[in-house]
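Welcome! Here are a few exercises to work through with the model open beside you. Try each task before you read its solution.

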Amino acid sequence: MERLFKVDDELMGVDGALLRIEQLRKEIEHHSYLYYALDAPVISDAAFDSLMRELELFEERYPHLITSASPTQRVGGYIGEAFAPVQHLERMYSLDNAMNEEELSSWFDRVESALEADQQSLTIEYVCELKIDGASIAMTYKGGALAQAATRGDGFTGEDITANVRTIKDVPLRLLEDPLHSGSIEVRGEAYMPRQAFNCLNEELELEAEHTGRQAKTFANPRNAAAGSLRQKDPQISANRKLATFIYAAPEASTSALGLSSQWELLEWLKASGFHTNPSLMLFKERAGVHHFCTEAIKLRGQLDYEIDGVVIKVNSFNQQQRLGYTSKAPRWAIAFKFPPEEKTTLLNAIVVQVGRTGVLTPVAEFDPVEVAGSVISRATLHNIDEVLRKDVRVGDTVVIRKAGDVIPEVVGPVLSLRPSGSRPWQMPTACPSCGSSVYRDDEGSGAAVRCLSAECPAQLLERLNHWVSRGAMDIDGLGPKLIKKLVEQGYLHDVADFYLLTQEQVALTPTGEEKYARSISKEKRAETGDYEKIPVYVGNTVAAKVIAQIQASTQRPFARVLFGLGIRNVGRQVAEILVQNHGSLEALAAAKQEDLEVIDGVGPVIAHTLKEFLNTKHNQDLLKRLSERGLCLKEESGLGAGGSATGLGVAGEAGAGNTLPLLGMSFVLTGTLVELTRNEAEEALRALGAKTPGSVSSKTSYIVAGPGAGSKLHKAEKLNIPVLSEEDLLNILSKEELPDSSRA
């Protein structure tokens, strides 16, 4: 099977793999937050899938680097705070993807092999449904009437959007068929925005912006618009957005109550009950029909009034579905066949160089704007000089663009037959485009990265400031890249310590870069009377007060997040937590020798070297001193876990204060569903007592905590004779800060 990415051990090594894994996790988390929490994605689903697949390949090769915080261990999604939480009747899983016909055939093999082993292979039917590119919803009907609607959220808990879903005209407020009368039924599907409604909405937003003199904030695609419309505080806004739905699923408790035995029967019941079901549905008894359906569905992609990005194939029989079961994040009885990425050609006008937080120079292609997969793009990263030379892209080339690959959008390569005569290969500049300093290639000239080493480089400053305020670091809400750039231009920010000297007045009087008309009048009125003068828009006191409050709140973040926020090369969030676990303060890290650091599990010589290099630099020492003076935490405080909040389970007591960690050196792996705690809370509480919490089981694992739904990790632990703890056992350990006698090694 052809793969987009390969893991080359000799070329990369474990330290290089760890660095790439950290980069991928950070980027995936960033785009997950934009996609799920803000409804403002900047990359396509194909791009996100590509990043996730690369991470999965690395973690398959290096399973000991898997952590519970990895995006591969989570279904995905964030729960917002604007709506009440709703616990789903049963977990809403995501789907595994088949990126080509070969991967789809491999899924068929797995399904048939598993059912044959279970003596359930007499007949296997498959239902094919178009994969709607919308926002997942779950609706509960009680006594035949719509009682509640929720977003998917993180799969376990969503947000209550009942008032908004009630405004969608194709959602039945009462079922046409109500066999249970007073019983409860939950159904699931997608809310989407038809293309015509999407275009009208963006036109209205542009017109509104023109009337007020502000920059238009339009939606990137119909999926983005649908998700944003569902989460409006005013249901009337949702009603005006003209959303629609396709309903296609129900949890097992509901299908059992209805006496349904297959997906096809469920679809028929949904249609008869008044739900909007997709007309493009087929039932097959052989693979060939499914493959043909997928091929034909690709042709429909541009003809429908709604977005689709693939085909969902499900085993029809509910009995067979139950026997196939689930992985930790997806059902084994269903898969999403994803459409190949759309490709377009355009003219490459320039290759410019951007300077990142660690001084790396990244070539970026600038080309004539082209619409690809629903949005207009004009720039794409080329990663590094080796990638430019490998693809041999040159200024003036006609190039192929798509939304797939390592970072999206991607330049696939040049159309050589259209290359102009006299073109020359592109070369990386020998001086930094931001500060003019000389640049150097990593690994004594053999590495992929070309780097500016100047500590005074302004481009690096902006990237360091943006990293400091980001999620996972200091998490300062309201300080986005645009505002930070303006604060730098105003002369208020020279490094991250300056955030803590900002005043509300300084932030309030900072221009946003936007302008508005002195008077809000219509376009027609301006045409009659002449344009009024535009005036700058300032941040204002309301936003400024929130920003200052967020900055002050960030002084309570734990040392591990401060260490990560400093942006030290190779020191990601997980590495920062490991370092703090082993050396609980800045003073201890500074005093440690490089050889002491590199023997720590998960650190190694590369990270140890860059950390010591950072801590031994006079400029950085001055910065750390000023951060300490301004109230930042530079040592691990007792009573705080890695996430920076008290666990609430008594884990902070004398063990933390006396610097005696009762679980130091032990390794706990969590699997299955926890009821009293979230996975993150449990892991943070264990780490506060000195334990490690890797994401995979190995011979070094001390204990495995298994909840309902535990799968392959539990089986592996049992084979290795690793002690198994229940959630009750875990709670006892956390409350007493020690292992029970029966669990001691």
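**Exercise 1. Find the handedness of the crossing of helix 3 and helix 10, then describe their packing.**

Step 1. Helix 3 and helix 10 cross in a right-handed way; a crossing is right-handed if the near helix is turned clockwise from the far one by less than a right angle, and left-handed if anticlockwise. Helices (H or I, at least four residues) and strands (E, at least two) are DSSP runs, numbered from the N terminus.

Step 2. Before going on, note that this is a predicted model, in which local features need pLDDT of at least 70, side-chain atom pairs count only at pLDDT 80 or more, and totals for chains, interfaces and linings use all residues. Residues are numbered from 1 along each chain as its sequence is written, and side-chain values use heavy atoms, with hydrogens and water left out.

Step 3. Axes are lines fitted to C-alpha atoms, for helices over the stretch in contact, and angles run from 0 to 180 degrees between N-to-C directions.

Step 4. Contact means heavy atoms within 4.5 Å.

**Exercise 2. At what angle do helix 14 and helix 15 pack?**

Step 1. Helix 14 (residues 458–468) and helix 15 (residues 481–489) pack at about 130 degrees, with axes 10 Å apart.

Step 2. The two helices are therefore oblique to each other: angles under 35 degrees count as roughly parallel, over 145 as roughly antiparallel, 65 to 115 as roughly perpendicular and the rest as oblique.

Step 3. The crossing of helix 14 and helix 15 is right-handed. Among the residues that meet are Leu 461 and Leu 465 in helix 14, and Ile 484 and Val 488 in helix 15.

**Exercise 3. Which residues have the most contacts inside the largest nonpolar core?**

Step 1. A nonpolar core is a set of buried Ala, Val, Leu, Ile, Met, Phe, Trp, Tyr and Cys residues joined through side-chain atoms within 4.5 Å. Buried means under 20% relative accessible area (1.4 Å probe, protein chains only).

Step 2. The largest such core has 68 residues, and Trp 468, Leu 479, Phe 499 and Leu 627 have the most contacts inside it. Helix 2 (residues 45–61) gives the largest share, six residues.

Step 3. Leu 627 touches residues including Trp 468 and Tyr 500, leaving aside those up to four places away in sequence.

Technical notes:
Buried means under 20% relative accessible area, exposed over 50%, partly exposed in between (1.4 Å probe, protein chains only).
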